[in-house]
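Welcome! Let us go through this model together in questions and answers, setting each value against the definition behind it.

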Amino acid sequence: RQMTEEERKGLLTPFGAKMVKAAQNWNWSSVLRKAIIIGFAYVVFQVGISRFTTVFLAWLNLKLSSVNIWALSVIIFFVGMTLFLIPAVPGLPVYLTNGVTLGAAGQRQWGSTDDPNDNTGFWIAMAWGVVVASITKLAACWFQQKIIGQRMGDWISVRATVDVNSSAVKAIRVILQRPGMNRDKVLILIGGPDWPTSVLTGILKQSYINMMLGTLPILLPIALTVIAGGCQLKRSEGGAWESISGLFLALSAATFGGALVAALLAIERCARANQEALAAIPDDEEVKVYQQAQVEKLAKFKAATAWHRVPTFGKVALWVAWACCYLSVILFYSWSAECFETVELTDNYNDPPLNGNVLNLVKMPTGGGALALHIFSLAIFYGFGTWAEASAKNLHVEEGTLDDDKPKAVEEEAQVAKTVAGLPA
């Protein structure tokens, strides 16, 4: 249609003006808090786990460089077990550490001192590294399943966290409880994330022997990753070692990534083909009651933090926290080289750039400034959350009070939908 004279004078197109008008009705308290949480998750995974885990393993390699391979294997086993018990830490750095640390020790133990081109000791070390990594993986699966899953599976909060009443988890349950070994069961066991998958098998009271048999195919990507880590040691020798290292890393990523995608497809197939059977599986009533209580608690929190109820200082604080978080993420992502030193697993912790101090990983002023902005953002976020929880507890929610906001919310959602669809408001 033709724009009116008033629309032509506006700074935005009619569609843009409608979008701005719709955004004015958003609950900006929820929007800003979610944006900060996403930024925090990015920093945790890309900075905390990725970079500082590498520094820790580089430090560990230095400290264990003089230990004989048998004692070192025991230490690496317990370090790997500890890392496996942290839900956010994937298995990849554990397997790479086996290759780097045991590869160096194995070359000293079995390598030839007369012929520097003799790689027999290296490949023996790689075989031993695969054995240790595989034992660590299977032992971690046992601990996660039998100790965490089965013991803590009696805790309602744990079952609720796993979301045992969801259709996806019910589909996994159907797949895992099928007799014998089958393709989908194996895909779930090797393609799922290390910690959640093993803990879930414990909650579902699955047989450890059957679960381990289904997990055995993961030994192939484990072997590829261990060898990729070991090849990092040989890159300084030049020749084909750099290409070999890249090849094994690519194969490792392809096998782990392919297994994850295949596991997700297996869950989708089961959920689509067994809709009636999944619906017939009874829900965990204790979890339903627990989740309902959480829903009611969340409703009070949302009511207390509705944008029109947040005082001016709270609104300003949230906008400042979001701005600081956003700026820090931009710095970490776009100027990563100016924020952090590059450190490899094979680097000597006492040599530049770390020089024996983990804080030297952060470059000044860009990296330090970005970290300071992010910490400041989290401090404001925590302070707002503390205020919001206190307000939610003090909020007297009479019957129907929370429902008063529902018609308004539905109207706002309808307005946004109309705007996106290009319909008149």
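Q: What makes Lys170 a contact of Asp283?
A: Contact means heavy atoms within 4.5 Å. Leaving aside neighbours within four places in sequence, Asp283 is in contact with Asn165, Lys170 and Lys288. Asp283 and Asn165 are 118 residues apart in sequence, yet 5.4 Å apart in space, C-alpha to C-alpha.

Q: How reliable must a part of the model be before it is described?
A: This is a predicted model, where local features need pLDDT of at least 70 and side-chain atom pairs count only at pLDDT 80 or more, while totals for chains, interfaces and linings use all residues. Residues are numbered from 1 along each chain as its sequence is written, and side-chain values use heavy atoms, with hydrogens and water left out.

Q: How many helices and strands does the chain have?
A: The chain has 19 helices and 0 strands. Helices (H or I, at least four residues) and strands (E, at least two) are DSSP runs, numbered from the N terminus.

Q: What makes a group of residues a nonpolar core?
A: The residues must be buried Ala, Val, Leu, Ile, Met, Phe, Trp, Tyr or Cys, joined through side-chain atoms within 4.5 Å. The largest such core here has 28 residues, and among those with the most contacts inside it are Leu60, Leu72 and Leu102. Helices that each supply at least two residues of this core include H4 (69-84), H5 (92-110) and H6 (120-152). H4 gives the most, with 8 residues. A second, separate core of 27 residues includes Ala23, Cys339, Leu354 and Leu361.

Q: Why are H5 and H6 called oblique to each other?
A: Angles under 35 degrees count as roughly parallel, over 145 as roughly antiparallel, 65 to 115 as roughly perpendicular and the rest as oblique. The axes of H5 and H6 come within 8 Å and cross at roughly 140 degrees. The two helices are therefore oblique. Axes are lines fitted to C-alpha atoms, for helices over the stretch in contact, and angles run from 0 to 180 degrees between N-to-C directions.

Q: Which residues does Leu102 contact, leaving aside neighbours within four places in sequence?
A: Among them are Ile69, Leu72, Ala125, Trp128 and Val132.

Q: What makes H8 oblique to H9?
A: Helix H8 (residues 167-176) and H9 pack at an angle of about 120 degrees, with their axes 8 Å apart. That angle makes H8 oblique to H9. The contact is made by Ile172, Ile175 and Leu176 of H8 and Asp184, Lys185, Ile188 and Leu189 of H9.

Note on methods
Buried means under 20% relative accessible area, exposed over 50%, partly exposed in between (1.4 Å probe, protein chains only).
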